[in-house]
Amino acid sequence: KKLSTNFSMSQGIVYSLVAKGAIVLAEHSAASYGNFITVSRVILERIPQENSKQSYVYDAYAFHFIIEDGITYLCMTSESFARRIAYAYLEDIKGRFLQMFPVDQLKYAIAFQMNSDFSPILEKQMNFFTNDPSVDKLAQVKKQIEETKGIMLENIDKILDRGEKIDLLVSATEGLEGQSFHFKKQTKRLYCHIIAQNIKLLILTAIVVLFLCWLGASLICGFRFECIGGLF
């Protein structure tokens with residue numbers, strides 16, 4: 001199985017989610033398209049559901065996650081992005097998530113139940129931890145420095161089946177390639193819509209012509225078409 005992700009070389013937190021096992025409760029992406037969501041689902045299905053902190057790297061990107069009490073807090077970043085900041089981000093959203101949603105409420109939560117409430121918070125904190133120059137001076141971040149030394153940075157192949165492949169290909173979210181992709185998609189959809197409308201118009205025209213022919217013949221020969229019967 002081959003998975004490919006197509007979005008831009010972004011220096012920072014590209015994607016983030018909160019999940020209960022393999023069930024995603026909330027997510028946010030800084031990229032507008034790509035199959036990185038599929039990649040994240042593969043990871044959720046393969047990682048052990050025990051309290052842990054782990055990072056998996058593939059090409060120029062890394063997936064960092066914290067699992068605590070059955071809840072997974074995951075983010076995808078550029079590989080060069082500081083791990084201490086990535087884990088500080090995960091600790092931050094973990095605290096905010098548990099403040100908003102008590103553990104008892106999470107027990108029976110369904111897919112994306114918290115998305116409308118928590119996705120904006122993921123977006124805000126992703127932007128803050130990626131772009132704010134003061135973030136590396138926060139006490140919370142400094143606290144992570146010693147902890148992250150003990151977190152192994154594994155290759156993602158360790159959680160994939162033999163022969164399975166994940167490709168992370170990159171292009172600008174707001175660049176010309178992305179715009180071209182959406183333009184082509186919209187153009188194809190419009191073209192199909194026009195073709196369908198033309199076919200409907202042709203069918204309607206044929207029905208009208210047949211009806212007029214029948215009506216004309218009926219007026220000339222009568223509705224029993226007696227003039228035609230007289231020919232025989």
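Me: Before we look at any residue, what is a polar contact?

Reply: A polar contact is a pair of N or O atoms within 3.5 Å, where, within protein, one must be able to donate a hydrogen and the other to accept it. In this predicted model, the side chain of Ser55 makes such a contact with the side chain of His64, at 2.7 Å, and a polar contact of 2.7 Å also joins the side chains of Ser55 and Tyr87.

Me: Where does Ser55 lie, and is Ser55 buried or exposed?

Reply: Ser55 belongs to strand β4, which runs over residues 52–58. Because buried means under 20% relative accessible area, Ser55, with a value of 0%, counts as buried.

Me: How should I read a lysine in the same way, and what can be said of Lys94?

Reply: The cut-off for buried is again under 20% relative accessible area, and Lys94, at 11%, is therefore buried. Lys94 is found in helix α2, residues 83–100, and its side chain makes a polar contact of 3.1 Å with the side chain of Glu91. When neighbours within four places in sequence are left aside, Lys94 is in contact with Glu68 and Tyr73.

Me: Which residues of helix α4 are buried, and how are they placed around the axis?

Reply: Helix α4 covers residues 115–131, and its 17 residues reach 23 Å from the first C-alpha to the last, close to the 24 Å expected at 1.5 Å a residue. The buried residues in α4 are Phe118, Ser119, Leu122, Gln125, Met126 and Phe129. They cover an arc of only 135° around the axis, so they sit on the same side of α4. On the other side of this helix, Ser116 and Lys124 are exposed.

Me: What is a disulfide in general, and how many are counted here?

Reply: A disulfide is a covalent bond between the sulfur atoms of two cysteines. The count for this model comes to zero disulfides. As for individual cysteines, Cys75 has 0% relative accessibility and so counts as buried, whereas Cys213, at 49%, counts as partly exposed.

Me: Stepping back to the whole protein chain, how many helices and strands are there, and what share of the residues is buried?

Reply: The protein chain has seven helices and eight strands, and buried residues make up 39% of its 232 residues. Among contacts between residues at least 6 apart in sequence, 66% join residues at least 24 apart. The chain exposes about 13700 Å², of which carbon and sulfur atoms supply 59%.

Technical notes
Residues numbered from 1 in each chain as written. Predicted model: local features only at pLDDT ≥ 70, side-chain atom pairs only at ≥ 80, totals over all residues. Heavy atoms only, no water. Helix = DSSP H or I, 4+ residues; strand = E, 2+ residues; numbered from the N terminus. Buried < 20%, exposed > 50% of the residue type's maximum accessible area, 1.4 Å probe, protein only. Contact = heavy atoms within 4.5 Å. Areas by Shrake-Rupley, 256 points an atom, 1.4 Å probe, with all protein chains shown as cover. Disulfide = S-S within 2.5 Å. Expected span 1.5 Å × (residues − 1). Arc of directions from axis to C-beta.
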